[in-house]
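The following note sets out comments on a structure for a colleague's review. Please read the points in order, with the coordinates at hand.

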There are 2 protein chains.
Amino acid sequence: MLKIPEHQVAGHQACNGQLGPLIDDSGRFYKPLQGDERGSVEVAFYTSFSSNTRVPDHIRKFFPSFYGTQLLEASDGSGLRPHLVLEDLISSLHHPSIMDVKIGSKTWYAEASEDYIQKCFKKDRESSSLSLGFRISGLQVYGNNHSELWKPKKKSVQNLTADEVRLILKKFVSSTSPTDPNSVPDCSFAFTVFGGSSGILAQLLELKAWFEDQTIYHLNSCSVLILYDKESVLKEGSPGAQVKLIDFAHVVEGRGVIDHNFLGGLCSLIKFISEILTSPDDYSSKVCLQDSDLSNCTTEDCNKK
Amino acid sequence: MLKIPEHQVAGHQACNGQLGPLIDDSGRFYKPLQGDERGSVEVAFYTSFSSNTRVPDHIRKFFPSFYGTQLLEASDGSGLRPHLVLEDLISSLHHPSIMDVKIGSKTWYAEASEDYIQKCFKKDRESSSLSLGFRISGLQVYGNNHSELWKPKKKSVQNLTADEVRLILKKFVSSTSPTDPNSVPDCSFAFTVFGGSSGILAQLLELKAWFEDQTIYHLNSCSVLILYDKESVLKEGSPGAQVKLIDFAHVVEGRGVIDHNFLGGLCSLIKFISEILTSPDDYSSKVCLQDSDLSNCTTEDCNKK
C-alpha cells in the first residue's frame, strides 16, 4: 500500500533502500522523522501551526495539511520509525511540473550549533542563496509530450546565476522541449501558470503580505514548492498552479520580529517571476545552460546532494 | 569656516584630532575619503547615482545631494585630503532628534575580502543585525527642554533586543524625558513624526517599493537616517520628519537581482514603526534599558566603536 513518491524533486529520497518519504493511495505523504532535533522541531511546528489562531485562514492553504504522526516500517528497512503524516501535494496531478526553491540568503540561524552554522554559511556562499536570496533545490519539467521529462541533477541547479534561473523559470512555463539545450523557451504558458488572479505570482504576493506582518515563525531553510499540471494546461487551459511551503525542521519562534531573511528571498523570487510576465523576451537568447546541467537525474543520483 | 558637525551620531568623528567629516555655513558636509577602496567605491556610487536615469525622481530625495569631491585640510591635521562634498542633512534643523539605523541582517558581501567577511559576520552575529535585520548605529533624542539631550554611547545601542528597540523608538517620539530611566515614553509625537502622508512610515514605504523593484545597486552596510526637529514639533506641530540613506562605501552592482538583504531589514524596521503607530501602549511598561545604556556619550567616547 505504501510506495515511493514518483515526483519528489529535492530532499532525502527513499530509492535504493535509503530512508525517505512514502505515499499511499489515499493522498497522504509519510515523512520519516529525523532522529535528531530536526524531527521534533518539525512535529512541533506542524502541531503549533495547526492550532495557532493567529494564522489567518487564507494562509493555511499554503501549508500541507497535517494528520499527526504514525509509526511505520521505514523505507530503509531499519524497522518501525515515527513519520509525519501530511497531505500528498502531488497526488491529484498527472504530469506535475515542480520546482523546489529554498528561500533565504542564509539557511542558518542563531539558535543552531556552531558546526551547523559554519556548514550552512559555506553552502549558502557556494550556492545561489547568497546572491539571489534563494536557491533551486530541485525541479522537474514535463514536455508537451508526456514521455519527455526534464529532471536535472539536484546539485546542478543549486548554484545558478540570475540569468540561468531566468532561463529555467522560462523552461518551466514553455511548450518547447525542456531537455533540448538548443530550444529557446517560448513562455507560452507563462500567463496561465504565473499570471492571473489565481496564478503563482498572485499566490506569492499573498504570502509576501503575510510575511511582512507575521512575527510568529522564522522559517529557516524552508522551501517554496511551485507546481502545476502540464496535462491540465494542455487539455483544459487551467493548470491548477499552486504555491506550497514545505520543510520546517529548522523553524524557530519569531519573538516579535518578522522573518526578514525569508521575506527578502521571497521578494527576490517574486521579482524574477514578475519579469517573465512583463518581459518574456529578455535574456532568453543570451544564456544557455551547460550540457552537464541538462542531463537527467538517474536512479543512482537520487540521494546525491 | 569649516567646523566639526555638532549632531553626528555614528561613524568616524572629527573630534579629538581624529579624521572625520566637516561642515560649513552654506549647508555642505565634507566627508574625508577613506584611503582604501571604500573611498573610491563611495565616490563611484555618488557619481553613478547622480547621473543614472533609471533612478526615479521621487527616490532622489532620500539621498544626500552630491557636489563632487574637493581637496581640503583634513580634520586630523594630516594635510590635504580629498573629501566628498555632500548636502548637510542637518543644517536646517535646530534641535534634531536623529537615529542612524544600519540596514540588513548581514553587512558583508561576496565581493569583499575574506578578512572583511569574517569581521562583519562576527559583528552581525554579536549585534542586533542578525536577529532584527538592522542595528541602531547611534542616536540622539532631544527632550522638550532643549538643554536635555540623550545621546547614548554608540556601542550600547548596537546590540539591543526587539523590546529595547521598541522602547528606543518610543523615546524618540515622546515628550517625556529621554534621559530619565524611570520615565515611561508617552509617544505623544508618534503620529506627527512616524504617521501621516509625509511621515517617517510613509517615506519608508516609498523606499520599500523601490527596493522591491530596483536591481541596480546593492547597498551593503548602508544606513537609514531618521530625523526630525524637536523644536519644530513643539512650535509648529510639523516636524519636518525625514528619511535619508547614507554611507555607500560598500555598494556593489545589483546585476539584475534586488537587494534582498536591504529589503528584508527595511521591512523589519517598517514593522517596528508600524506597531508603535497601531499599538503605542504595548511593551512600554515591560522593558527598561540598563543604566549604563542611558549614560550620555562624552567627548572621549566620540571615536569609540
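The points below cover conventions, symmetry, the interface, salt bridges, the nonpolar cores and backbone details.

1. Conventions. This is a predicted model, in which local features need pLDDT of at least 70 and side-chain atom pairs count only at pLDDT 80 or more, while totals for chains, interfaces and linings use all residues. Residues are numbered from 1 along each chain as its sequence is written, chains are lettered from A and ligands numbered from 1 in the order in which they are written, and side-chain values use heavy atoms, with hydrogens and water left out.

2. Symmetry. Chain A is superposed on chain B by a rotation of 180° with 0.0 Å of shift along its axis, at an RMSD of 0.0 Å. The two copies are thus related as by a two-fold rotation axis. Among the residues of chain A, A:G264 comes closest to the rotation axis, its C-alpha lying at 2.2 Å.

3. Extent of the interface. Contact (heavy atoms within 4.5 Å) joins 33 residues of chain A to 33 residues of chain B. The copies meet through the same surface, because 100% of the interface residues of chain A are also interface residues in chain B. The area buried between chain A and chain B is about 2,400 Å², and carbon and sulfur atoms give 62% of that area. Buried area here is the accessible area (1.4 Å probe) that two parts lose on being put together, summed over both.

4. Polar pairing and helices at the interface. Twelve residue pairs, with both residues at pLDDT 80 or more, are in polar contact across the interface of chain A and chain B. A polar contact is a pair of N or O atoms within 3.5 Å; within protein, one must be able to donate a hydrogen and the other to accept it, and residues adjacent in sequence count only if both atoms are side-chain atoms. On the side of chain A that touches chain B, at least two residues each come from α3 (114-126), α4 (129-132), α6 (162-172) and α10 (260-278) of chain A. The largest share of that side, nine residues, is supplied by α10(A). Helices (H or I, at least four residues) and strands (E, at least two) are DSSP runs, numbered from the N terminus.

5. Salt bridges between chains. A salt bridge is a side-chain nitrogen of Lys or Arg within 4 Å of a carboxyl oxygen of Asp or Glu. By this rule there are 30 salt bridges over all chains, and six salt bridges cross the interface of chain A and chain B. The side chains of A:E114 and B:R125 form one at 2.9 Å, N to O. A:E114 lies in helix α3 of chain A and B:R125 in helix α3 (residues 114-126) of chain B, so the pair joins two chains. A:K208 forms a salt bridge with B:E212, with the closest N and O atoms 2.9 Å apart. This pair runs from helix α8 (residues 200-211) of chain A to the loop between α8 (200-211) and β8 of chain B. A:K208 counts as buried at 12% relative accessibility, and B:E212 as partly exposed at 22%. Buried means under 20% relative accessible area, exposed over 50%, and partly exposed in between (1.4 Å probe, protein chains only). Shared partners also join A:D163, A:R166, A:K271, A:E275 and B:D213 into one network of salt bridges.

6. Nonpolar cores. A nonpolar core is a set of buried Ala, Val, Leu, Ile, Met, Phe, Trp, Tyr and Cys residues joined through side-chain atoms within 4.5 Å. In the largest core, of 130 residues, A:L219 and B:L219 touch the most other members. A second, separate core of 18 residues includes A:Y116, B:W108, B:A112 and B:I117.

7. Helix α6(A). Ten of the eleven residues of α6(A) are buried, so this helix is largely enclosed by the rest of the structure. Among the buried residues are A:E164, A:R166, A:K170 and A:K171.

8. Positive phi. Most residues other than glycine have a negative phi. A:D247 has a positive phi near 75° and lies in the loop between β10 (242-246) and β11 (251-253) of chain A. The side chains of A:D247 and A:K31 meet in a salt bridge (3.1 Å, N to O), with A:K31 in strand β2 (residues 28-32), 216 residues apart from A:D247. B:S221 has a positive phi of about 65°, and B:S221 is buried, with a relative accessible area of 8%.

Methods: Least-squares fit on C-alpha atoms with pLDDT ≥ 70 in both.
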